[in-house]
Amino acid sequence: MRLDRFLSEQTALSRKEAQAAVRAGAVQVDGIIIRKPDSPIFPEKNQVSLRGTPVAYAANHYFLLHKPSGVITATEDKNQKTVLDLLRPEDRLPKLAPCGRLDLDTTGLLLMTDDGQFAHRMLSPKHHVLKYYLAKLRDPLAEDVPQKFLSGISLREGSGEVSCLPAECAGIAPRMAVIALREGKYHQVKRMFAAVGNHVDALLRFQVGNLPLPPDSQPGQYFVISDKEAVEMLRNPAFSSVCAFCKQNYSSYWINNPL
Ligand code: URA
């Protein structure tokens with residue numbers, strides 16, 4: 001791999017900035033200053049440093065963000081703060097993108113990665129990766145709602161209707177329900193509860209597959225996770241155990257993080 005490409009993939013430098021840094025003598029490979037941006041390197045073998053700081057090599061990067069409310073799920077926007085703006089400048093890698101979308105007012109787990117294949121696996125409804133939400137409801141959860149969601153509820157869309165894939169749902173506290181989705185239609189949780197005459201006052205995504213949002217994390221905080229940890233997102237645990245986890249760790253979420 002070329003040295004300038006390595007730097008632009010592993011740091012927040014653009015390709016041009018990487019080339020300039022190499023030409024300026026700011027880059028060493030195995031302790032030797034290299035001034036030619038197209039010099040070949042072997043990322044697994046060579047130690048590259050930029051201005052004296054070693055550049056760690058990872059084929060792909062995974063950041064687990066606790067998305068706060070009021071930040072949009074995008075990489076750039078003229079008017080509003082984006083989830084990319086929440087990362088430290090050195091972590092804003094060029095190909096990093098949010099994996100899926102949370103509404104402006106939805107909080108919780110958002111993966112940001114430059115691994116396009118992984119993102120596709122996580123998001124494609126074909127792979128049935130479950131995304132778990134905690135919904136704070138205006139009204140108590142009606143008894144027949146879990147069965148309606150499990151049967152695949154229909155949502156109005158334009159002049160027609162679309163069916164949702166089966167979704168599990170259970171109440172864990174008064175006016176609080178956990179719901180597991182295997183797809184990501186626009187405002188899906190809010191529209192599903194609206195379709196049964198209820199209303200979502202607040203929404204938290206607390207888990208994807210087998211990877212929960214760390215219960216002691218704060219909105220706006222993020223963590224670098226390994227590819228092994230990311231793969232946990234592709235495994236689906238039993239719904240009852242996820243509900244028990246949520247009840248224990250997240251039922252006071254909106255007391256600790258008022259709307
Ligand atoms: N469903 C919603 O309604 N909003 C989200 O942000 C995610 C799922």
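## Terms and model

A residue is called buried when its relative accessible area is under 20%, exposed when that area is over 50%, and partly exposed in between, with a 1.4 Å probe and protein chains only. Helices (H or I, at least four residues) and strands (E, at least two) are DSSP runs, numbered from the N terminus, and two strands pair if DSSP finds at least two bridges between them.

The model is predicted, so that local features need pLDDT of at least 70 and side-chain atom pairs count only at pLDDT 80 or more, while totals for chains, interfaces and linings use all residues. Residues are numbered from 1 along each chain as its sequence is written, and side-chain values use heavy atoms, with hydrogens and water left out.

## The four-stranded sheet

Four strands form an open sheet in the order S2-S1-S3-S4, with antiparallel pairing. Strand S2 (32-33) and strand S4 (53-54) each have a single partner strand and stand at the edges, so one side of each lacks a neighbour in the sheet.

Within this sheet, the antiparallel strands S1 (residues 27-29) and S3 (residues 48-50) are joined by three bridges, and Val27 has Leu50 in S3 as its bridge partner.

Because six of the six residues of strand S12 (residues 176-181) are buried, the strand is largely enclosed by the rest of the structure. Met176, Val178 and Ala180 point one way from S12, whereas Ala177, Ile179 and Leu181 point the other way.

Strand S8 (residues 131-137) runs antiparallel to S12 and is joined to it by six bridges, with Ala180 in S12 as the bridge partner of Tyr132. Strand S11 (residues 168-173) also pairs with S12 in the antiparallel sense, over five bridges, and Ala173 has Met176 in S12 as its bridge partner. The hairpin of S11 and S12 has two residues between the strands, and Arg175 in this hairpin takes a positive phi near 60°.
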